[in-house]
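Hello,

Here is the structure I said I would pass on. Please look it over before reading my notes.

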Amino acid sequence: MSLPTSSSPAAARQAHPHHADIPDEAPAPHPQGGLKGVLLPVAVVLAIGTIFVSVYLAAFHAPRPHDLPVAAVGTSQEIHRLEKGLESALPGGFDVRPYGDERAARKAVEHRDVYAAYLTGRGEPTLLYAGANGPSVTGTLTGAFGPVAKADGHRLAQEDILPSSEGDTRGLSIFYAAFGLVLAGYLFGMMTYQAAPTLRFRQRMASLALFGVLGGIIIALLAGSTGFGALPGSFIGIAGMTALMAMAAGGATMVFIRWTGAAGAGLASVVLLTLGNSTSGGVMPAPYLPGWLHPLSEVLPVGAGVRAIQGLAYFHHDGLERGIIVLAIWIVACAGLLYLRDARGARGRQAATS
């Protein structure tokens with residue numbers, strides 16, 4: 001009977017455990033009985049619930065802006081009065097930026113460089129704003145700028161230069177689409193190891209890519225003009241960004257589970273579902289977040305993806321480039337970490353059998 005030569009695929013995989021087509025080992029069962037089995041689920045779930053409630057209450061129990069950028073067109077005296085009035089209404093709430101003319105200020109609102117523009121010098125003052133930023137932002141702006149105009153003896157004229165889509169009257173569709181997508185990515189990350197614990201690395205990456213592409217297409221079909229008409233951006237752009245978000249969320253969950261075992265599902269839920277969604281900007285923009293949460297909106301997949309999708313839908317691609325870069329980094333980093341973990345496991349199994 002002849003023995004397999006070193007050129008056979010099986011022998012090659014044993015000799016080179018770093019090969020990209022590495023099978024995962026089946027996870028070992030960890031039965032918990034007695035008092036530990038009673039207390040551990042209670043402790044873990046209550047910890048996650050406490051974090052969820054704490055973060056969402058911190059972010060949304062009394063939302064107010066922090067240095068929300070706004071444009072002002074007028075004389076230096078008029079801008080100074082505006083700054084004093086806004087500071088009196090909401091201390092530290094606004095960052096007033098002078099602009100030379102209405103055209104420049106209007107363009108800044110359309111590209112979301114600022115969230116509103118206050119125009120003087122043409123009769124009654126006018127507030128330009130984008131309803132696409134959501135009713136919470138609109139309410140903040142009108143509530144703060146109205147008394148400023150009234151103090152000067154004028155009535156505030158208002159112009160919504162970028163209203164929300166007719167299919168998104170409350171401006172929350174992007175948040176719910178993102179939440180559902182990240183939840184799907186979280187569930188995929190868990191299911192891939194439950195349904196196929198010994199799937200090879202290349203196959204698992206192919207499954208992640210297929211999940212992302214199909215998820216992006218489904219979200220674009222549902223939220224775009226072919227569905228509820230909630231997102232007016234291009235179909236390809238929306239599908240592409242949501243696909244990247246889905247892959248980043250799914251990949252991150254896979255990394256947590258692969259590297260930390262049973263604790264991974266809880267860690268992924270905290271990072272993606274709690275911190276990610278609360279800082280996404282889907283309910284209200286990042287300047288409304290507490291200082292300790294604000295940076296997360298720029299580095300977590302949800303915040304980067306939501307801003308890019310909002311830019312595609314309304315704000316002349318604001319945040320699109322950064323969103324693609326951040327999500328691509330997450331996907332590549334997750335694939336690399338999964339590969340390293342699989343390779344390390346293969347070397348350990350080879351050492352144990354040698």
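Below are some notes on the chain as a whole and then on its aromatic rings.

This is a predicted model, in which local features need pLDDT of at least 70 and side-chain atom pairs count only at pLDDT 80 or more, while totals for chains, interfaces and linings use all residues. Residues are numbered from 1 along each chain as its sequence is written, and side-chain values use heavy atoms, with hydrogens and water left out.

The chain has twelve helices and five strands (DSSP runs, H or I of at least four residues for helices and E of at least two for strands, numbered from the N terminus). Of its 354 residues, 45% are buried (under 20% relative accessible area; exposed is over 50% and partly exposed in between, with a 1.4 Å probe and protein chains only). Among contacts with a separation of 6 or more, 75% join residues 24 or more positions apart (contact means heavy atoms within 4.5 Å).

The whole structure holds nine aromatic pairs (rings of Phe, Tyr and Trp, the last by its six-membered ring, with centres within 6.5 Å; planes under 30 degrees apart are stacked, over 60 edge-to-face and the rest tilted). The ring centres of F175 and F179 are 6.2 Å apart and the planes meet at 45°, so this pair is tilted. Both residues belong to helix α6 (residues 173-195) and sit four residues apart, about one turn of the helix. F175 is buried because its relative accessibility is 10%, whereas F179, at 29%, is partly exposed. Elsewhere, F52, Y56 and F60 make up one aromatic cluster.

Regards
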